[in-house]
Amino acid sequence: MEYYKKNYRLIRELIIAAILIASVIYIFFCAPENITKKLSSFQLHHLSTSSNKEKNKTVIIALVNKAYVEGEISMLSLFLESFWLGGENTRYLVNHLLLVTVGQTAYERCKFLRLHCYRLVTDGVDFGGEKLYMSSDFIKMMWRRTLFLGDVLKRGYNFVFTDTDVIWLNNLFLRLSPDENEDIQISSDQFYGDPWSEQNVMNTGFYYARSNNKTIALFDRWYQMKDNSTYTNMKEQDVLVSLMRNGLFGELGMKVRFLETLYFSGFCEDSRDMNVVCTVHANCCRSIRAKVFDLTVVLQDWRKFKRPTAKNKTSPTVGYWSRYLGCYNSWVSKNSTKLNTTEE
C-alpha cells in the first residue's frame, strides 16, 4: 500500500509540474497579446489639425508570414532597408511600425529584429507559406487581415496599413492629406487624375484609415461579405470595389481619396519623378520571388539616384525605373524557371 501511495504522490507532482510548464509555454508562445497595450506604446501623432493628440492616435501596420521573412534576401529585409535608405525622413518611422506576424517563424524573426511584434491568432489555419495571388489561402489571409484592421479601428486607432512589398523612400505623411474629414486615403493601381473618382483602380495593399463610426461601419459591412455567395472566390479588395460601385461609400457618408501614383508608385503604374515619390509597391506581380527580384533592382535604382554625383535631379523624368522583369516573367509563363516564379 505504501508503494502505491508514494507512486500516487509522484504522479500527482509530475502532473502539477506538467500543467505549470504548459501554462508558461502558453503564456509566452500561444496566448493572444493585448493589442490595445501594444498599439498605445508607439503611436504616431501625424495628420492631425487638432491640438488634442489623444484624438489622433496613428500607427503603421504591416503583416508578414513565414514566406516573407525567409530567404537569403527576404521581402521583410527589403521593406526595412527602404526605411533606412529613405534617410532622416523615414528611419524614425520604423519605431512606430507594428509588424503583425502569422506563424511562429515570422514572430521569432520579428522579435530577433527587435521590432514591435504582434502574433495574430489564425484559428488553426496555416498561413505560413507563400500564398500565390488569388489562391484560396491568399484570399483567406486577406480576409483575416481585414478583420484585424477593423478591430484596430474599433479600439480608436487610425492606421497606415502597408504590405511589406511596399518600399518607403520618403516620408509619406508629408503627402497624405491632414484633412480630418477624409476617412480613407488609398493607393491606386491606376490613377486617372481625379483623387475622388471611383474609376481609379483601388489597391488595398496600402492605405490610411481614420478611426470613426463611418470607417468602423465600412469594415463591418466589408467583412460580412466574406461568406456571401455573391462574392465567392473573390479577394477582399474586389469585394470592397464592388461595395463602392454599389454606393456603400455614399451610403455611409464617407470621403475617400485615391492616392496619386506620382507619389505612391507601383509596378502597375510607376512614378516618373524620383524627386517626389514616397512609396513603390510591387503590385501587378504574381510571386514573392519575382517581387524580391524587382524590388532589389528598385532599391539599386534609388541608391544611384541618391548619389551626390547624380545630375539633373530637378528634371521631371529623371530616375526612370528599370524594367520589372521578374514580375513580367512571373505572368508570362507559369513554367518559367528563370526566376522560379511558379511556387503554387
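Three disulfides: the count comes to 3 under a cut-off of 2.5 Å between cysteine sulfur atoms. Keep in mind that this is a predicted model. Let me take the bonds in turn.

Start with C110 and C117. They are joined by a disulfide, S to S 2.0 Å. The torsion about that S-S bond is about -95°, so the link is left-handed. And the burial? C110 is buried, and C117 is buried too.

Next, C268 and C284. Their sulfur atoms sit 1.8 Å apart, and the two form a disulfide. The S-S torsion here is 100°, which goes with a right-handed link. This pair links distant parts of the chain, 16 residues apart. C268 is in the loop between β9 (264–266) and β10 (279–281), while C284 is in the loop between β10 and α10 (288–306). How accessible is C268? Its relative accessible area is 23%, so C268 counts as partly exposed. C284 has 44%, and is partly exposed as well.

Now C285 and C327. This disulfide has its sulfur atoms 1.9 Å apart. About the S-S bond, the torsion is about -85°, so we call it left-handed. C285 lies in the loop between β10 and α10, and C327 in helix α11 (residues 325–332), so the bond ties together parts 42 residues apart in sequence. C285 is buried, at 4% relative accessibility. C327 is buried at 3%.

What is the pairing of the bonded cysteines, numbered in sequence order? It reads 1-2, 3-4, 5-6.

One more cysteine to mention: C278. With a relative accessible area of 2%, C278 is buried.

How values were computed: Residues numbered from 1 in each chain as written. Predicted model: local features only at pLDDT ≥ 70, side-chain atom pairs only at ≥ 80, totals over all residues. Heavy atoms only, no water. Buried < 20%, exposed > 50% of the residue type's maximum accessible area, 1.4 Å probe, protein only. Helix = DSSP H or I, 4+ residues; strand = E, 2+ residues; numbered from the N terminus.
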